[in-house]
Amino acid sequence: MFESPVPPGTGWPGDPATPDTPIASTPAQVVAMAEAAETPGQLDAEVSVCRACPRLVEWREQAALTKRRSFVDQPYWGRPVPGWGAERPRVLIVGLAPAAQGGNRTGRVFTGDRSGDVLYAAMYRAGLANSPISVDAADGLRLIGTRVAAAVRCAPPDNAPTPVERATCAPWLAAEWRLTGGEVRVIVALGGFGWRSALEMVRSGGGQVPRPQPKFGHGATAALQAAHGEVTLLGCYHPSQQNTFTGKLTTAMLDDVFGRAAALAGLSE
């Protein structure tokens with residue numbers, strides 16, 4: 001039913017954009033549009049059609065056209081992946097970037113890959129999601145008091161965006177924090193880059209970060225003073241296959257982090 005990459009406004013489940021959504025083609029335009037965004041819906045739409053990083057645009061669209069053999073009969077989203085979940089969350093999860101065969105295929109971050117299988121199952125056990133299953137954008141998964149966002153919105157080659165690409169994309173996350181973060185009590189940072197991005201996100205919103213800057217670690221915590229009050233930053237190893245298959249990140253470790261996040265945010269049963 002859909003082309004790959006999926007044109008905006010053609011009916012893909014959850015697509016926030018239309019054919020008339022403005023497109024950011026330069027870093028300066030990202031800054032201007034992110035600062036001007038007035039609602040989460042507007043922001044998500046503009047994120048989902050961004051073309052400011054030529055290397056990432058080429059990579060994500062090439063992945064959508066060539067496809068993995070196991071998904072060759074499926075359309076690929078092939079566009080930047082906006083954050084999703086509650087518009088006024090109490091828990092915000094910050095990851096690195098979509099996977100080429102995961103979010104880049106399904107249009108929803110941490111969906112359709114092994115990392116998402118592990119992440120959303122842990123969130124379900126903690127009461128932060130209504131289902132442990134994350135298959136595609138129409139699977140009925142709903143987050144409870146929680147939002148998930150990536151610091152970089154396009155799937156990067158080798159899961160490694162460049163420093164310039166990271167800096168270009170940062171204003172989108174800053175705008176998401178401005179528009180949706182007013183009730184957040186806990187930020188769960190997935191991996192060291194998610195941790196650093198979360199710190200910069202809070203600073204960009206006028207918040208305060210302790211000095212020396214808190215260091216990332218699994219289960220590490222830091223008390224941040226955001227504009228709306230104190231926020232706990234909680235570190236978690238990234239739920240990548242490398243970490244889960246080797247035992248660096250176990251189910252018990254995930255349950256500890258997300259159970260603590262739910263409790264600190266007042267969302268646990």
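**Pockets and strands in a predicted model**

Me: Which residues lie nearest the centre of the second largest pocket?
Reply: In this predicted model, P13, G14, D15, G83 and W84 lie nearest the centre of that pocket, and 16 residues line it in total.

Me: How much space lies in it, and how does the lining divide by class?
Reply: The second largest pocket holds about 270 Å³ of space. Its lining has seven nonpolar, five polar and four charged residues.

Me: And the largest pocket: what volume does it have?
Reply: The volume of the largest pocket is about 740 Å³. Its lining comprises 30 residues, with A99, D113, S115, N159 and S240 nearest the centre.

Me: Which elements give two or more residues to that lining?
Reply: They are α5 (114-125), α7 (191-204) and α8 (241-245). Of the elements, α7 gives the most, with four residues.

Me: How many of the lining residues there are charged?
Reply: Five are charged, alongside 13 nonpolar and 12 polar residues in the lining of the largest pocket.

Me: Changing topic to β3: how many of its residues are buried?
Reply: Strand β3 (residues 146-150) has five of its five residues buried.

Me: Which residues are on each side?
Reply: T146, V148 and A150 are on one side, and R147 and A149 are on the other; both faces are covered. In a regular strand, side chains alternate between the two faces of the sheet.

Me: In what sense do β1 and β2 pair with β3?
Reply: Strand β1 (residues 84-85) pairs with β3 in the antiparallel sense over two bridges, and G85 stands opposite R147. Strand β2 (residues 91-95) pairs with β3 in the parallel sense over five bridges, with I93 opposite V148.

Definitions and conventions. Residues are numbered from 1 along each chain as its sequence is written. This is a predicted model: local features need pLDDT of at least 70, side-chain atom pairs count only at pLDDT 80 or more; totals for chains, interfaces and linings use all residues. Side-chain values use heavy atoms; hydrogens and water are left out. On a 1 Å grid over the protein atoms alone, a cavity is a set of points where a 1.4 Å probe fits but cannot get out, and a pocket is an open set with protein on both sides within 12 Å along at least five of seven lines; lining residues have an atom within 4 Å of a point. Grid points are joined across faces, edges and corners, and a volume is the space filled by probe spheres set on the points. Ala, Val, Leu, Ile, Met, Phe, Trp, Tyr, Cys and Pro count as nonpolar, Asp, Glu, Lys and Arg as charged, and the others, Gly among them, as polar. Buried means under 20% relative accessible area, exposed over 50%, partly exposed in between (1.4 Å probe, protein chains only). Two strands pair if DSSP finds at least two bridges between them.
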